[in-house]
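Subject: Structure handover

Hello,

Here is the structure I promised you. Please open it beside this email and follow along as you read.

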Amino acid sequence: MNQFNYIRPSKQQAAIDAVAKDGNAKFIAGGTNLVDLMKRGVMAPQKLVDINRLPLTKIERQGNALRIGALALNSTVADDRQVRERQPLLVQAINAGASAQLRNMATTGGNMLQRTRCPYFYDTAMPCNKREPGTGCGALEGINRMHAIFGFSDKCIAVHPSDMSVALVALDATVLVSGPKGDRRIPFTDLHRLPGDAPEKDTTLEPGELITAVDVPDGPFTKHVSYYKVRERASYAFALVSAAAALDLDGTTIKSARLAFGSVAHKPWRLTAAEQMLVGKPATEETFRQAAAVAMQGAKAFKHNEYKLKLAPNTLIQALKTAAAA
Ligand code: SF4
């Protein structure tokens, strides 16, 4: 690991200034991804700005939303009474991610900003446009069974690994950000970006911008929800495909729906066309199959991930069936 400087400011502005003024500085909180990346030589920041002293751990009501501080631990959020009552989809998604030990270290902000688990990104002997722009993409002609079926480019076909973010994009969350130019709010669907010609950029955050909280709006999705994750072993594995489904039912009729896929694209993949198709329909398996067909429009596989073209719709159908039965 390279040598680096380390500071631990107690004021938010000091932390933001430290990163904004130094292109080689990074925020660190739980460190569950960044420390791994540094140990493997994938990232080599020259300064770490530890934000754990900042008062960003609260979970509280703000108007018609739950505001979750960026430093609230994943385990704390999943155990919080208000979150469990109002946002059970988020609880399911958080608990599907990582291990109990990691959820006790990982923060809400860090979970959103974790980097892809593409093996070529982690292998510094291989080409990777995300790690080193312009070197090529090892996965395009390599082993690409974990990779994207939506939204990829010829520069990068990686997927975003967060489970929590799939629930947050489905629930219309908003990310609160503070930076050198002030504060702003980013709809969750706009936080992560598609790779395009610049796969080295995972998000739309500007240099020095710090995520301070996420607002999850109240909604009718307190009962009929399901986060369904398919992975290669029962615990502690990243998803092959996951699906978040939340239904508002009037009897057996669907009043509204929120849907998203995980591990199919460079960002959590919201399924608005399928949501709209479900409105007014009966909550039956046949309806869910139709929604899954809509959700898969535009999907395209690579040599080793063709199985996702079947697995993804089946995962969504299972999530919808589980949500309807909840
Ligand atoms: Fe790198 Fe993206 Fe290609 Fe993986 S898919 S090797 S992260 S450029």
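The largest cavity has a volume of about 80 Å³. Its lining is made of 17 residues, and C118, C128, C137, C156 and A158 are the closest to its centre. Keep in mind that this is a predicted model.

What kinds of residue line the largest cavity? By class, 10 are nonpolar, five are polar and two are charged.

Now look for the ligand. You will find the ligand in the largest cavity. Around the ligand there are 15 residues, and C118, C128, C137, C156 and I157 come nearest. This shell holds 10 nonpolar, three polar and two charged residues.

Next, the other spaces. How many cavities of 30 Å³ or more does the structure hold? There are three. The second largest cavity has a volume of about 50 Å³. Its lining consists of R115, T116, K130, A158, V159, H160, P161, D202 and H266. Sorted by class, that lining has three nonpolar, three polar and three charged residues.

There are pockets to look at as well. The second largest pocket holds about 150 Å³ of space. It is lined by T116, R117, C118, P119, M146, H147, A158, V159, P161, F238, A239 and S263. Eight of these lining residues are nonpolar, three are polar and one is charged.

Stay with S263 for a moment. This residue is in the loop between β11 (253–262) and β12 (269–270). S263 is not a glycine, yet its phi is positive, at about 60 degrees. Most residues other than glycine have a negative phi. Is S263 buried or exposed? S263 counts as buried because its relative accessible area is 6%, and the cut-off for buried is under 20%.

A98 also deserves a look. Its phi is positive too, at about 55 degrees, and A98 is not a glycine. Where is A98 found? A98 belongs to the loop between α5 and α6 (100–103). This positive phi comes just after α5. A98 has a relative accessibility of 32%, so it counts as partly exposed. The partly exposed class runs between the buried limit of 20% and the exposed limit of 50%.

That brings us to helix α5 itself. Most of α5 is covered, with seven of its nine residues buried. Which residues of α5 are buried? They are P88, L89, L90, V91, A93, I94 and A96.

Pick out L89 in this helix, which spans residues 88–96. L89 has a relative accessible area of 0%, so it counts as buried. Which residues does L89 contact, leaving aside neighbours within four places in sequence? They are A167, A170, L171, V225, S226, Y227, A244, A245 and A246. Now try a distance. L89 and S162 are 73 residues apart in sequence, and their C-alpha atoms are 14 Å apart in space.

Move on to V83. This residue is in helix α4 (residues 81–86). V83 is buried because its relative accessibility is 0%. Not counting residues up to four places away in sequence, V83 touches I59, L66, V77, P88, L90 and V91. P88, L90 and V91 are also among the buried residues of α5. Along the chain, V83 and T212 are 129 residues apart, and 18 Å separates their C-alpha atoms.

Where is D163 found? D163 is in the loop between α8 (119–122) and α9 (164–170). Its relative accessibility is 6%, so D163 counts as buried. Again leaving out residues up to four places away in sequence, D163 touches A93, A96, G97, Y227, K229, A239 and S242. Two of these, A93 and A96, are buried residues of α5. D163 and L259 are 96 residues apart along the chain, with 13 Å between their C-alpha atoms.

Then find S263 in the lining of the second largest pocket. Finish at α5, with A98 just after it.

Best wishes

How values were computed: Residues are numbered from 1 along each chain as its sequence is written. This is a predicted model: local features need pLDDT of at least 70, side-chain atom pairs count only at pLDDT 80 or more; totals for chains, interfaces and linings use all residues. Side-chain values use heavy atoms; hydrogens and water are left out. A residue is near a molecule or strand if one of its heavy atoms lies within 4 Å of it. On a 1 Å grid over the protein atoms alone, a cavity is a set of points where a 1.4 Å probe fits but cannot get out, and a pocket is an open set with protein on both sides within 12 Å along at least five of seven lines; lining residues have an atom within 4 Å of a point. A molecule sits in a cavity or pocket if more than half of its atoms lie within 2 Å of its grid points. Ala, Val, Leu, Ile, Met, Phe, Trp, Tyr, Cys and Pro count as nonpolar, Asp, Glu, Lys and Arg as charged, and the others, Gly among them, as polar. Helices (H or I, at least four residues) and strands (E, at least two) are DSSP runs, numbered from the N terminus. Buried means under 20% relative accessible area, exposed over 50%, partly exposed in between (1.4 Å probe, protein chains only). Contact means heavy atoms within 4.5 Å. Grid points are joined across faces, edges and corners, and a volume is the space filled by probe spheres set on the points.
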